[in-house]
Amino acid sequence: MEYTENHPSKALAAFAAGLQFDSIPSDVMRRAEDLLLDWFGSALAGRIGRPVQTIAGFARQMGPADGPCEILISRTGSTPLFAAMVNAASSHFAEQDDVHNGSVFHPAAVVFPAALAVAQVIGASGRELLTASVAGYEVGIRVGEFLGRSHYRIFHTTGTAGTIAAAAAVGRLLKLSPEQMLHAFGSAGTQAAGLWEFLRDAADSKQLHTAKAAADGLMSAYLAQEGFTGAQRILEGAQGMAAGMSTDADPSRLTDRLGQRWALAETSFKFHASCRHTHPAADALLQVISEHHLRPEQIGRVTAHVHQGAIDVLGPVVNPQTVHQAKFSMGTVLGLIGQFHSAGMKEFDQSFNDIGIRAFRDKVRMVLDQEVDQAYPARWIGKVTVETVDGQRYEGRVDEPKGDPGNTLSREELEQKALRLAEFSQSASEGEMRAAFERLWNIARAERVGRLLP
């Protein structure tokens, strides 16, 4: 199928509306299954989050006592809107959900909650759920790339591009025409929001961003189905998203090799339970301390050589007061790596504010590195310089952090990660998780998408 370049929003909408299961390569579909299972673990992990519980409480107040769509953390049912809202908030809490490097966008947290809820209410098949999810990934990633680095400096791309992604996924499930899909994009784009200012106050907004993106994208698709119109050039128009939210937008990214380049396959899994901007340096530090058998007290200084995006997002967090804020502190993450060789949920929960971790945090600084910055966001290179108290100096470098497509997680590793998250949050037993894994690995054979947990 050919897509014209003179109206990229229209071309992207036509692609999402027309995507067919059989046109998606088998390796891409397998990756979609991996991403779905990975999202499932992250969604369960959010059960312990106070912001998530607050949003879930709001859904109980505003929505029905039960419904056909699964809220994973409570094992209750609701309407598609509220199930998507709660599951999206939950899956972005543990900082273990996936990320696409080039767009700096977390697709799973907004695509799967909306798609699963609608698939359950309309009785869609597993093939239809996966096809819709691929559409959401392809659209959302391209919108994130289109909005560019200037957008991400102020806006949380998962909240903005995520609204369009959710609309694409739900629109595909609802079998919207290309024209209706374009209207859904228009309604989604005019609602797109999400600002990074919350990091300075350790505020709860990050989960609100994904909750609203999934819910607003879903609403936009349903409205379009009923004839509700939206702006035809919401992305690239004179008063569209790029005009108000970017200074380096590139409309060609919206239609980049549609149907040939599968951006979903470029998505990375998150190994550490922290902001993705910390992962490259964490892996590089782990390399150094493992190779040279360094203990925290032997380390005098760590310099993390980073891209500007890391400085923009992590720089404001100088004295983290909560577990979630600590996940955006480079010093805290590297301190946990130095002490435990791991920065998982348990380490953050039990030790983020320990005296030793705080002391290590003060040894860490970030500096802008031209090589790292020029490679970003297509590549997230990890570079650290470690200086010991006795005057030794070691360099660490990781070109593909753990979880990137070239250094990915196996299906067994994905299962183990999900099991750890479920155990930590006490959201499901190992037996329940194993049964859910079986359903998820075979979702493409399901004639009807049912609940993932009993």
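**Basis.** I note that this is a predicted model, in which local features need pLDDT of at least 70 and side-chain atom pairs count only at pLDDT 80 or more, while totals for chains, interfaces and linings use all residues. Residues are numbered from 1 along each chain as its sequence is written, and side-chain values use heavy atoms, with hydrogens and water left out.

**Aromatic rings.** I found seven aromatic pairs in the structure. Rings of Phe, Tyr and Trp (its six-membered ring) pair if their centres lie within 6.5 Å; planes under 30 degrees apart count as stacked, over 60 as edge-to-face and the rest as tilted. Phe15 and Trp262 make a tilted pair, at 6.3 Å centre to centre with 50 degrees between the planes. This pair links distant parts of the chain, 247 residues apart: Phe15 belongs to helix H1 (residues 8-18), and Trp262 to the loop between helix H10 (241-245) and helix H11 (279-292). Helices (H or I, at least four residues) and strands (E, at least two) are DSSP runs, numbered from the N terminus. Phe15 is buried too, at a relative accessible area of 3%. I also recorded one aromatic cluster formed by Trp39, Phe112 and Tyr137.

I then looked up Lys327, whose charged end sits over the ring of Phe348, 4.6 Å from its centre. The criterion is NZ of Lys or CZ of Arg within 6 Å of the ring centre and within 35 degrees of the ring normal.

**Helix H11.** I checked the length of H11: its 14 residues should span 20 Å at 1.5 Å a residue, and the end C-alpha atoms are 20 Å apart, which agrees. The expected span is 1.5 Å times one less than the number of residues. The buried residues of H11 include His279, Asp283, Leu285, Val288 and Ile289. I found the buried residues of H11 packed against strand E3 (299-306), helix H14 (330-340), helix H16 (355-361), strand E5 (382-388) and strand E6 (393-398). Just after H11, His293 has a positive phi of about 55 degrees.

**His305.** I located His305 in strand E3. At 17% relative accessibility, His305 counts as buried. Its side chain is joined to that of Thr385 by a polar contact of 2.8 Å. Such a contact is a pair of N or O atoms within 3.5 Å; within protein, one must be able to donate a hydrogen and the other to accept it, and residues adjacent in sequence count only if both atoms are side-chain atoms.

**Nonpolar cores.** Which residues touch the most other members of the largest nonpolar core? Of its 108 residues, I listed Trp39, Phe40, Val143, Phe185, Leu235 and Met433. A nonpolar core is a set of buried Ala, Val, Leu, Ile, Met, Phe, Trp, Tyr and Cys residues joined through side-chain atoms within 4.5 Å. Helix H6 (residues 126-154) supplies the largest share of this core, eleven residues. Apart from this core lies another, of 45 residues, among them Ala273, Ala284, Ile337 and Val386.

Note on methods: Buried means under 20% relative accessible area, exposed over 50%, partly exposed in between (1.4 Å probe, protein chains only). Contact means heavy atoms within 4.5 Å.
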